[in-house]
Amino acid sequence: MAASYFRKYAAGAVFGAALAFGSVSPGLAADTSVFQSIIKNQMSAFAADDAKTAFSFATRTLQQRFQTPEFFMQMVKSGYQPVYRPKDVTFGQSKMTKFGPTQEVYVTGPKGQNWLALYSFEEQEDGSWRISGCYLTKSDGFAA
């Protein structure tokens, strides 16, 4: 049952392959370092197996969907190994899409395969940013 629950809600946590890319907007350039910092900090929390801190970078919507930091961490461990335990990480472009800002992250996973992790962000009421999703796909053409 738990595996079914993970798959069901992991699918809801990503925003899909049909993400429409746009160009980088001038205002987005200022937030690029913020997005990269959030991702680095969450990956550091994953590396330390610090579920509470990793969970804190997710939007309230994702937190409600996964309910507990431990449940969130289990989903990441089972479905997002390249992000959970990357061998190498390289940041690509930040882009504004019709769904909001995104950050490309090229990762080499623990088994040596290359992946593109496309993170989406949502601005919070206090002006801070949180991760609203991560779409992970194999990236044979790019290495981290």
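Which residue in S4 does Trp 115 stand opposite? Trp 115 stands opposite Lys 138 in S4. The model is predicted, so local features need pLDDT of at least 70, side-chain atom pairs count only at pLDDT 80 or more, and totals for chains, interfaces and linings use all residues. Residues are numbered from 1 along each chain as its sequence is written, and side-chain values use heavy atoms, with hydrogens and water left out.

Strand S3 spans residues 114-123. Strands (E, at least two residues) and helices (H or I, at least four) are DSSP runs, numbered from the N terminus. Eight of the ten residues of S3 are buried. Buried denotes under 20% relative accessible area, exposed over 50%, and partly exposed in between (1.4 Å probe, protein chains only).

S3 pairs with strands on both counts considered here, S2 and S4. Pairing requires that DSSP find at least two bridges between two strands. With S2 (residues 100-108), the sense is antiparallel, over seven bridges. Thr 108 has Asn 114 of S3 as its bridge partner. The two strands form a hairpin with five residues between them. In that turn, Gly 112 has a positive phi of about 85°. S4 (residues 129-138) also pairs with S3 in the antiparallel sense, over nine bridges. Here too a hairpin is formed, with five residues between the strands. Gly 127 in this turn has a positive phi of about 90°.

Glu 104 lies in S2. Its relative accessibility is 9%, so Glu 104 counts as buried. The C-alpha atoms of Glu 104 and Leu 118 are separated by 4.8 Å, although the residues are 14 apart along the chain. Beyond neighbours within four places in sequence, Glu 104 is in contact (heavy atoms within 4.5 Å) with residues including Phe 91, Lys 95, Leu 116 and Leu 118.

Side chains of opposite charge can pair when their charged atoms come close. The structure holds two salt bridges, each defined by a side-chain nitrogen of Lys or Arg within 4 Å of a carboxyl oxygen of Asp or Glu. One joins Glu 104 to Lys 95, with the closest N and O atoms 3.3 Å apart. Both residues, Glu 104 and Lys 95, are buried.

Arg 85 and Asp 49 also meet in a salt bridge (3.2 Å, N to O). Arg 85 lies in the loop between helix H6 (81-84) and strand S1 (88-97), and Asp 49 in the loop between helix H2 (26-47) and helix H3 (51-56), so the pair ties together parts 36 residues apart in sequence. Arg 85 is partly exposed at 28% relative accessibility. Asp 49 is partly exposed at 43%.
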